[in-house]
Amino acid sequence: MTDVAPAESLSVRGGPVISARMAAILPPFLALLYPLAVWGLFASASLMREAEGTTKIAALYGATASLLCAAIPSLVSFAMLVGHNGREGYSGTRWITLLAFAAPALFTVERVIAAGFRWTFDDRLVWIVVWVALTAIAAAGRERKARLQPAWTGRLRFAHGVSAAVILALFLIAHLGNHFIGLLGTDLHIQVMEMLRVWYRSGIVEPVIVALFLFQVASGVWLASIRQYAPNDPFRMLQVATGVGVAAFLSAHMLVIFIVARWGVGIDTNWVFATGFKVGLLGNLSNARQVPYYLFATFVTIAHLACGLRVVLLAHSWRIAITNRIAVGIIVSGGVFAIATVAGMLGLRLG
Ligand code: HEM
């Protein structure tokens, strides 16, 4: 069992010391403001379509700045989690910080729930209420008791890793590759998806993929809740944070694809569906959520896998400097891959 250090202040990687309370409040407060970034992106994109000359260029800067702002809750949450450095000053709200990290995915989870239950009011009101409440809880803070890890945690971690490897081989490489191919042309993407569907939509493979993803989410949430500290190991903290991000994304993604679209409305979940129907991803405010959402999802999935690979390599006695370099290489490539994939969904074509 790990010791619980007193609530003190928080040193963010040798930078200025900020109080533990501020470190707890900042992530949920920034998540509260997240819808503004999506609104900024949509407003700038709309202006870009209509304006000419310098206004168009200003709108392009506005769209880029909005996308960068959309990353702020996740970046700040991660900095706070790393700056935590083994102390428990704000650990009572550690889950709030992890949820704030996943804001781009949760904002779509909320949209999916609103669509599913046919809410007639603006669902962003719920976002405001929830994040104001979470900010208040974070401000109140509470000491958290360290928790004993059950003996079977090691076996669960192993199973989580094996299941991830099977998912990668059975589905994920092909799925992400197929969306990346959108950059080369919509027709090519559709042809490849139709071929792949024969495999992953078959009566045997599809239930296995869905079961494995459900297991990943359930086991991942458990592992995230027992991993209390990551002193001086930003990669471990990144693994936990991106794991929560992937779980939040999958909740929205599976819910919308299976429950809302395929079984509920009965529509084909193809390219037209993924890219915001005929109006496009930036065609209305609701669709615009999906731009940072898909960027976030693709990036955190690859970053999470990179951190997992690092753990496996370290367990096989690879040198830490080399494993870190490999992980950083995959994470940076994941960022480029995510941007290219979403650019393809927005209409960019190579060649
Ligand atoms: C740019 C990113 C992504 C886009 C645009 C996207 C889009 C889609 C679409 C359109 C489908 C329906 C496929 C079909 O009808 O054949 C689908 C299915 C699915 N996606 Fe994604 N996806 C993305 C990333 C991911 C990621 C990162 C994961 C996992 C971490 C994931 C997991 C799944 C799963 C489990 C299914 C259900 C597959 C089945 O039918 O059995 N997706 N996705």
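**Group meeting: a walk through the helical model**

I start with α4, where Arg94, Ile96, Thr97, Leu98, Ala100 and Phe101 are buried. Buried here means under 20% relative accessible area, exposed means over 50%, and partly exposed is in between, with a 1.4 Å probe and protein chains only. Helices are DSSP runs of H or I with at least four residues, strands are runs of E with at least two, and both are numbered from the N terminus. Six of the eight residues of helix α4 (residues 94-101) are buried, so α4 is largely enclosed by the rest of the structure.

Some housekeeping. This is a predicted model, in which local features need pLDDT of at least 70, side-chain atom pairs count only at pLDDT 80 or more, and totals for chains, interfaces and linings use all residues. Residues are numbered from 1 along each chain as its sequence is written, and side-chain values use heavy atoms, with hydrogens and water left out.

Next, the metal. Which residues coordinate the iron atom of the ligand? They are His175 and His253, each through NE2, at 2.1 Å. His175 lies in helix α7 (residues 153-180) and His253 in helix α10 (residues 234-265), so the pair ties together parts that are 78 residues apart in sequence. Donors are N, O and S atoms within 2.8 Å of the metal, or 3.2 Å for Na, K and Ca; water is not among the atoms, so sites may look incomplete. The iron site has six donor atoms with angles of 86 to 179° among them, and is octahedral. For the label: six donors count as octahedral if opposite donors are over 155 degrees apart and all others between 65 and 115. His175 is buried at 16% relative accessible area, and His253 is buried at 13%.

Ile113, Phe117, Leu255, Ile259 and Trp263 form a nonpolar patch with about 550 Å² of accessible area together. Patches take residues with over 30% relative accessible area and no salt bridge, joining nonpolar side chains (Val, Leu, Ile, Met, Phe, Trp, Tyr) within 5 Å and like charges within 9 Å. The areas come from the Shrake-Rupley method with a 1.4 Å probe, and for residues only the protein chains shown count as cover. The most is given to this patch by α10, with three residues. Phe117 sits in the loop between α5 (103-116) and α6 (124-140) and is exposed at 63%. Under the heading of α5, Val109 lies in that helix and is buried at 14%.

Now backbone angles. Most residues other than glycine have a negative phi. Arg118 has a positive phi of about 50° although it is not a glycine; Arg118 lies in the loop between α5 and α6 and is exposed at 70%.

On to the rings. The whole structure holds 13 aromatic pairs. Rings of Phe, Tyr and Trp (its six-membered ring) pair if their centres lie within 6.5 Å; planes under 30 degrees apart are stacked, over 60 edge-to-face, and the rest tilted. One of the pairs is Tyr34 with Phe107, edge-to-face at 5.5 Å centre to centre and 85° between the planes. Tyr34 lies in helix α2 (residues 34-50) and Phe107 in helix α5, so the pair ties together parts 73 residues apart in sequence. Both Tyr34 and Phe107 are buried. The rings of Phe249 and Tyr293 have centres 5.2 Å apart and planes at 50°, so that pair is tilted. Tyr34, Phe107, Trp127 and Trp131 form one aromatic cluster.

Last, charges. How many salt bridges are there? The count is six, where a salt bridge is a side-chain nitrogen of Lys or Arg within 4 Å of a carboxyl oxygen of Asp or Glu. Asp123 and Arg289 meet in one, at 3.0 Å from N to O. Asp123 lies in the loop between α5 and α6 and Arg289 in the loop between α12 (285-288) and α13, so the pair ties together parts 166 residues apart in sequence. Asp123 is buried at 3%, and Arg289 is buried at 5%. Another joins Arg197 and Asp268 at 2.9 Å, N to O. Arg197 is buried at 15%, whereas Asp268 is partly exposed at 40%. Salt bridges that share partners join Arg111, Asp123 and Arg289 into one network.

Methods. Tetrahedral: all angles 85-135°; square planar, octahedral: opposite > 155°, others 65-115°.
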